[in-house]
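Reader: I am new to this structure and should like to be taken through it in questions and answers. May we begin once the sequence and the model are in view?

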Amino acid sequence: MTAKLKSGKYSKLSKDIFQGQELDMYKAIMQFLLSNFKIDEIGADQIAVAIVYQKCYLIPKLRLGEDIDLNPTSDNIRKWLAEYKLTPKSQDQEKITINLAQIIQEVHAKMESIGG
């Protein structure tokens with residue numbers, strides 16, 4: 001991956017530049033996401049590509065002393081995990097929203113029955 005990114009052969013990060021362990025990691029993440037969560041392939045691909053890029057490209061450069069900012073990639077990963085409801089907090093938020101809607105509906109129905 002590093003050689004392809006440095007050579008400029010690929011200007012956009014995608015699974016097409018992964019080799020060996022990078023590709024194995026990508027496939028394992030995809031399999032895990034698709035098997036364990038309700039997520040489409042595009043979403044799973046976004047998350048898997050970002051994780052592989054961070055783990056196999058950015059973090060090794062950071063360890064070599066290069067000035068690397070992990071925040072943009074980390075922020076994207078967190079955003080996609082929350083968007084696809086793959087975190088406990090995002091799952092809880094969905095449950096809270098559903099429960100709140102149900103409570104409002106029940107209260108509304110009781111008010112109508114009392115008033116009507």
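Reader: Is Tyr 26 buried or exposed?
Author: This is a predicted model, in which local features need pLDDT of at least 70, side-chain atom pairs count only at pLDDT 80 or more, and totals for chains, interfaces and linings use all residues. Residues are numbered from 1 along each chain as its sequence is written, and side-chain values use heavy atoms, with hydrogens and water left out. Buried means under 20% relative accessible area, exposed over 50%, and partly exposed in between, with a 1.4 Å probe and protein chains only. Tyr 26 has a relative accessible area of 7%, so the residue is buried.

Reader: How are the rings of Phe 18 and Tyr 26 arranged as a pair?
Author: Rings of Phe, Tyr and Trp (its six-membered ring) pair if their centres lie within 6.5 Å; planes under 30 degrees apart count as stacked, over 60 as edge-to-face and the rest as tilted. Phe 18 is buried at 5% relative accessibility. The ring centres of Phe 18 and Tyr 26 are 5.9 Å apart and the planes stand at 50°, so the pair is tilted.

Reader: And which class describes the rings of Phe 32 and Phe 37?
Author: Phe 32 is partly exposed at 49% relative accessibility, and Phe 37 is partly exposed at 26%. Their ring centres are 5.9 Å apart and their planes are at 70°, so this pair is edge-to-face.

Reader: How many helices does the protein chain have?
Author: Helices (H or I, at least four residues) and strands (E, at least two) are DSSP runs, numbered from the N terminus. The order of elements is α-α-α-α-α. With zero strands, the secondary structure comes to five helices.

Reader: Which residue forms a salt bridge with Asp 45?
Author: A salt bridge is a side-chain nitrogen of Lys or Arg within 4 Å of a carboxyl oxygen of Asp or Glu, and the whole structure has three. Asp 45 lies in helix α3 and its partner in the loop between α1 (2-7) and α2, so the pair ties together parts that are 30 residues apart in sequence. The N to O distance is 3.7 Å, and the partner is Lys 15.

Reader: What is the phi of Lys 85?
Author: Most residues other than glycine have a negative phi. Lys 85 is found in the loop between α4 and α5 (88-115). Although Lys 85 is not a glycine, its phi is positive, at about 60°.

Reader: Over which residues does pLDDT stay under 50?
Author: The pLDDT is the predictor's confidence in each residue, from 0 to 100. Its mean over the protein chain is 78. Where pLDDT is low, the predicted coordinates should not be read in detail. The stretch under 50 covers residues 4-11.

Conventions: Contact = heavy atoms within 4.5 Å.
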